[in-house]
Amino acid sequence: MMTGVDNGPIVARSKVDITENDTAETLYNKVTSAGGELFKETLPSFADNTFTLTPQNESEATYHPRGEPYGGQINPHWSDNTKITKRSLG
């Protein structure tokens with residue numbers, strides 16, 4: 001365990017495709033499923049002590065700022081296609 005948030009070494013990782021049609025629910029389901037599969041694949045390496053720890057490259061780290069996009073404000077007149085962009089995050 002490290003003192004920072006998500007700054008410890010990586011044991012395993014997996015990618016999920018994010019599409020324009022994904023919602024919070026579909027993305028949650030994708031990462032939950034991928035995480036479960038990754039756990040099942042990785043757990044045996046802990047049992048037989050064959051796992052490896054890969055340090056994170058801090059220069060490539062990104063962080064989500066505190067608070068929600070648009071300052072946590074929701075406009076009831078937004079269309080379903082309102083996009084959250086880096087610019088909207090401040």
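The second largest pocket is lined by Asp6, Ile10, Ala12, Arg13, Ser14, Leu38 and Gln56. A pocket here is an open set of points on a 1 Å grid over the protein atoms alone, with protein on both sides within 12 Å along at least five of seven lines, whereas a cavity is a set of points where a 1.4 Å probe fits but cannot get out; lining residues have an atom within 4 Å of a point. The volume of this pocket is about 200 Å³, where grid points are joined across faces, edges and corners and a volume is the space filled by probe spheres set on the points. Its lining divides into 3 nonpolar, 2 polar and 2 charged residues. In this scheme Ala, Val, Leu, Ile, Met, Phe, Trp, Tyr, Cys and Pro are nonpolar, Asp, Glu, Lys and Arg are charged, and the others, Gly among them, are polar.

The model is predicted: local features need pLDDT of at least 70 and side-chain atom pairs count only at pLDDT 80 or more, while totals for chains, interfaces and linings use all residues. Residues are numbered from 1 along each chain as its sequence is written, and side-chain values use heavy atoms, with hydrogens and water left out.

The protein chain has 1 helix and 0 strands; helices (H or I, at least four residues) and strands (E, at least two) are DSSP runs numbered from the N terminus. Of the 90 residues in the chain, 9% are buried, the classes being buried (under 20% relative accessible area), exposed (over 50%) and partly exposed (in between), with a 1.4 Å probe and protein chains only. Among contacts with a separation of 6 or more, 55% join residues 24 or more positions apart; contact means heavy atoms within 4.5 Å.

Leu38, one of the pocket-lining residues, belongs to helix α1. Beyond four places in sequence, Leu38 touches Ala12, Arg13 and Ser14. Its C-alpha atom is separated by 7.3 Å from that of Ala12, 26 residues apart along the chain. Thr42 also lies in helix α1. A polar atom of the Thr42 side chain is 2.7 Å from the backbone oxygen of Leu38. Leaving aside neighbours within four places, Thr42 is in contact with Val11 and Ala12.

Asp22 sits in the segment before α1 (24-47). Its side chain makes a polar contact of 2.8 Å with the side chain of Lys30. Such a contact is a pair of N or O atoms within 3.5 Å; within protein, one must be able to donate a hydrogen and the other to accept it, and residues adjacent in sequence count only if both atoms are side-chain atoms. A polar atom of the Asp22 side chain also lies 2.8 Å from the backbone nitrogen of Thr19. Not counting residues up to four places away, Asp22 touches Asp17, Leu27 and Lys30.

The structure holds 1 aromatic pair. Phe46 and Phe51 are stacked, at 4.4 Å centre to centre and 20° between the planes. Rings of Phe, Tyr and Trp (its six-membered ring) pair if their centres lie within 6.5 Å; planes under 30 degrees apart count as stacked, over 60 as edge-to-face and the rest as tilted.

Asn49 is found in the segment after α1. Its phi is near 55°, a positive value in a residue other than glycine. Most residues other than glycine have a negative phi.

Relative accessibility of the residues discussed is listed below.

| Residue | Relative accessible area | Class |
|---|---|---|
| Asp22 | 18% | buried |
| Leu38 | 18% | buried |
| Thr42 | 14% | buried |
| Phe46 | 40% | partly exposed |
| Asn49 | 59% | exposed |
| Phe51 | 27% | partly exposed |
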